[in-house]
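Dear colleague,

I am handing over the structure below, and I would be grateful if you could look through it alongside the notes that come after it.

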Amino acid sequence: MSSQSETVYIVEDDASFRKSLQRLIRSLGFESVAFESANSFLQADICYPGCVLLDVKLPDIDGLIVQKLLTEKGCLLPVIFMTGHGDIPMSVSAMKEGAVDFLPKPFGEEDLLCAINTAIDRNISDVQLQNEKKESNALIETLTPREKEVLTWIITGKLNKQIACEIGTTEKTIKVHRSRVFQKTRVSSVAELVRLAEKVNISPAS
Amino acid sequence: MSGITLIWSINAGICLALAGLQLLVWLRARNAWANLLFSIGAVAAAACAVGEQALMHAQSPAQYGKILFWMHLPAGVMVVTVVWFIHFYLKTGRKWLAWLITGIRALVLMLNFLMPCNLTFQKISNLRQMSFLNETVSVPIGVMNPWRRLILVGVVLFLVYVLDATIAGWKQGNRRRSIVIGGATLLAIFMAAVSSNLMVRGILPGPLASMSFLLLVFAMAFELSLDLIQAGQMSQELKKNQERMSLVARSANLGLWEWDFDRDEIWANEVSRARFGVEASERINFDRLLQSIHPDDRDAIRQAARNTLENGEELQLEYRIVQQDGTERWLATTGQVELDLHKKPLFLRGVTMDITERKLSEEALRKSEQLARILLNATSNLTHLIRADGIIIDLNDAMANALGGSREELIGTNVFDLFPEELRERRKALLRRVAAEEKMLRVEDAGRGRIYDSEIYPMKSTEGEQDQFVIFAYDITERKKIETRLKEEETRLKEAQRIAHIGNWELDLQTNVLTWSDEISRIFEIDKEHFGASFEAFLAAVHPDDRDAVNKAYKRSLEIRKPYNIMHRLLMPDGRIKYVQERCETYFNPEGKPVRSVGTVQDITERVSVQNERRELRHELAHLNRIMLMNELATSLAHEINQPLGAIMNNVAAAKRICSRSEKGTGEVVEILEDVIRDANRAGQIVLKIRGIVKKEDPRREFEILNMNVKVDDAIHLLQNTLKINQVNVHLDKQQDLLPVRGDRVRLEQVIINLVNNAIEAMNENLEKYLTIHTAMHSSEMIIVSVTNSGPGIDAETRRKLFEPFFSTKKSGLGMGLRICQSIIEEHGGRIWLEDPTEDGTTFSFTLKVHQEDAA
């Protein structure tokens, strides 16, 4: 958990609150970067693992929109909302969009810590998943188009003979393709291959 | 005496007797030429008879020749008279032949007188004695005269003439006369020819012409005698006729008269005499007649008589006579003049009638016609008499004026020409109906820009005449106009009453009769068919709680003599309540007694209920406003407090951690910090609690589907007084196909009201205030509402803080208005903002999500 420094980003226009929050977070043992506006936060470099404490009411961009923009950017940073109003309809839509928590001001140390931990855990697993996906993609990319095609047939569970018949070639060729695919994707069974295909969103041929 | 002498003498005697008889007839009737001719002929015949007798007794040839010489004269006369007798009596025979025969006879006579002996014998040598009728008579012996043939020619012509005349007479129908006269003449000629031959042959002593002549004389005398007998009979008849005539004249009161000019004597029948007051024995002449005649008419009579006498004109006169007792009578005379051969007037004959009655009735008729005409002309009705075919027979001045012509010009013109084509047939049909039904019909029609009410009366027509009609046309244009205007005004009043829901009533306090207009029945919902106006009906409709007040108000107004004006309620049978405004005024007579109350009742239910409704709405709005204000205050307060509170708590938490990490950190500091946290937490809880309490007060949001255009209208309606007072020109620019939104009616209205109120205040200093509310589709999912004012605009600093709580540019403002708007709009998923300033002014806009069925 603490193998890498975990950063909590703060976006809060109230200077006094921002400063106090930063202090508290640091005292809790996290790195903390604070922004007074949404725009400056959106332009900043983000390091994982981490999370963001986002005030719902920001002078420039509404907090909920900031959340949307992050998702669109492909940023994996989980969002914890803070609000001085604590409106329920707003929190519902925020949670729907994937917010980790919705903290009404003033909030206690425990609530904050709990929310941050949850958020960072989610961030770590998200990042890992993303990395795996990237690796799998890289493996698939090593395949020739023909091998990819054969792969889609293999994961249907069909025999070489059947596949050869389907795509109009000999059983022998298919056999060669199959061994190549197994080799390149570093799998040892059809089941593993299926899991890999699922990861990279390759669906069986039909 | 010898036989010959006896016979021939008798012959001559008879002839003379007949001649004398007929001469007498001629003397009495000078124009009886036939009778005169007969007389001459008969005398000649007698002369012939005497001559013949002398011939037979002649002693010497010379004597014989002499006698024969002279006998040619009566014989010629005889022939000529017979010729002309036939001409005059039978009225036939060719005149030229008659003249020719007359001429030949005259020539014969002339030759006879020129000859030495006579025309029969050139020379008589000797006389022969022969026996005839036992007597010795002398017969001449000598040389015949060759000219004797001329006599023969004459005889032949005579024969032809007689035959022709007889046939003509027969053909004309005078058969007997023609046969007798013609036959006798022919027989006589035949006898004369035979005897002449016998004489020449010596069988007869002489021609014995007198015998033939006697036959002729007999025949002629016979006819003339028959005529005489006939004339006698006729005179009998005539007498009878005259008697009849005078009887008729008397009974018909016809005056007959005859004026003999030569003698200036007037014959008059009894009727005439009585009329002129003349005794039966008195002789009348023209002057005597004139005396009886009205002095004024005498000249006219003289003139008429002169004209008649000079020109032979028929006399026709109407004049007055003055009777002995002084009374006047009217007479009418017609007469004809009789002329003699020289066209000289002989008589004037005529008939006189008493026409007094006729004259009187004519006069009466004339007077009544005159009166009728005066009456007709005195009226302004267009009166005219027409035939069924439309020809004007008569008309009055008014009609003539209306048609723009004189009476004379217009008589004979066709009244149908005045009608337009399409009306003509209708009018003709109407006339036929009037004629058929024989009664007056009225018809109203328009023409020449005026309206006429016509009465058409049928006139009894005599056989063979067209039906006639008297038409009285009244010009009712003005009346119609007034009627129409009255009707229009009445309709307008009714309409006005209906629209304004005002009814009027009138109570006659003397007869206690109440009348009211239809609108009152409608307001009171009383079936007018079944219930008339009555005070009971009125009172029954008044709300029981208000009856006393109504009664009192009326009584009081009678006491203080002032109108009253009250509002009260009506209770309908179905329990509905209506509000009416009642005004009433009473009129008093000079003695101070109330005479008549008039009043109006106005149904103001709608106004009252609208007022009530609006009051409620305002109340609701005000309440909501208050709540929302508190809510917003609490929220803002919470936010404002929570923020520093949060900071405090964060800081303390951080401090506590730092303290607990350092070994030196004593428990007391941590304790203090924990206390701070607890108190901060408590403060946070209190804020939360307050918010909770306020939230409970917050009325539940009632989301419904709304059209923002309607909400804009409603808001403007609520604010109309404020807008009016501030003289704001409102312009609404609404998109017609605006999609509906889902929201809370009252809250959204509040937003618009707040924005409009702000706008009005912003334009406070403006002279001209323009407020525009614009609605449109912002995108397919959002609608936009903009409120623009023509105020001076908002400076940059203010702009920035506009939506912050407790920010206000107004002295008394809380600074929550826009805040509340923002909350409401955001609650509805929309946004509110201030647009960049444009030349139109300052604009606040907000968006709202369009309602989607499936998203509900």
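Predicted model: local features only at pLDDT ≥ 70, side-chain atom pairs only at ≥ 80, totals over all residues.

Domains

Chain A is divided into two parts, with domain 1 covering residues 7–131 and domain 2 covering residues 142–199, and the C-alpha centres of domain 1 of chain A and domain 2 of chain A are 45 Å apart. Chain B is divided into domain 1 (3–231), domain 2 (252–360), domain 3 (379–475), domain 4 (483–602), domain 5 (610–697) and domain 6 (703–855). Between the C-alpha centres of domain 2 of chain B and domain 6 of chain B there is a distance of 124 Å.

In chain A, helix 6 (residues 145–154) has a set of buried residues, namely A:Glu147, A:Val150, A:Leu151, A:Thr152, A:Trp153 and A:Ile154. The cover over the buried residues of helix 6 of chain A includes helix 5 (109–141), helix 7 (160–167), helix 8 (171–184) and helix 9 (190–199) of chain A.

Which residues of chain A does B:Asn650 contact? This residue lies in helix 19 (residues 605–661) of chain B, and since buried means under 20% relative accessible area, B:Asn650 counts as buried at 1%. Setting aside neighbours within four places in sequence, B:Asn650 is in contact with A:Phe17, A:Ser20, A:Leu21, A:Leu24 and A:Phe107.

B:Thr788, which lies in strand 22 (residues 782–789) of chain B, is likewise buried, with a relative accessible area of 11%. When residues up to four places away in sequence are not counted, B:Thr788 touches B:Tyr770, B:Leu771 and B:Thr772, together with B:Asp840, B:Gly841, B:Thr842 and B:Thr843. B:Thr788 and B:Phe844 are separated by 56 residues in sequence, yet their C-alpha atoms are 6.5 Å apart in space.

Backbone features to check

The bond from A:Tyr48 to A:Pro49 is cis, with omega near -10 degrees, and A:Pro49 is found in the loop between helix 2 (38–43) and strand 3 (50–55) of chain A. The bond from A:Lys105 to A:Pro106 is also cis, with omega near -5 degrees, and A:Pro106 is in the loop between strand 5 (101–104) and helix 5 of chain A.

In chain B, B:Asn512 has a positive phi of about 60 degrees although it is not a glycine; B:Asn512 sits in the loop between strand 13 (502–508) and strand 14 (513–516), and counts as exposed at 59% relative accessibility. B:Arg561, also not a glycine, has a positive phi of about 55 degrees. The place of B:Arg561 is the loop between helix 18 (544–560) and strand 15 (564–571) of chain B, where B:Arg561 is partly exposed, with a relative accessible area of 47%.

Note on methods
Residues numbered from 1 in each chain as written. Chains lettered and ligands numbered in written order. Heavy atoms only, no water. Domains from an automatic or database assignment. Helix = DSSP H or I, 4+ residues; strand = E, 2+ residues; numbered from the N terminus. Buried < 20%, exposed > 50% of the residue type's maximum accessible area, 1.4 Å probe, protein only. Contact = heavy atoms within 4.5 Å.
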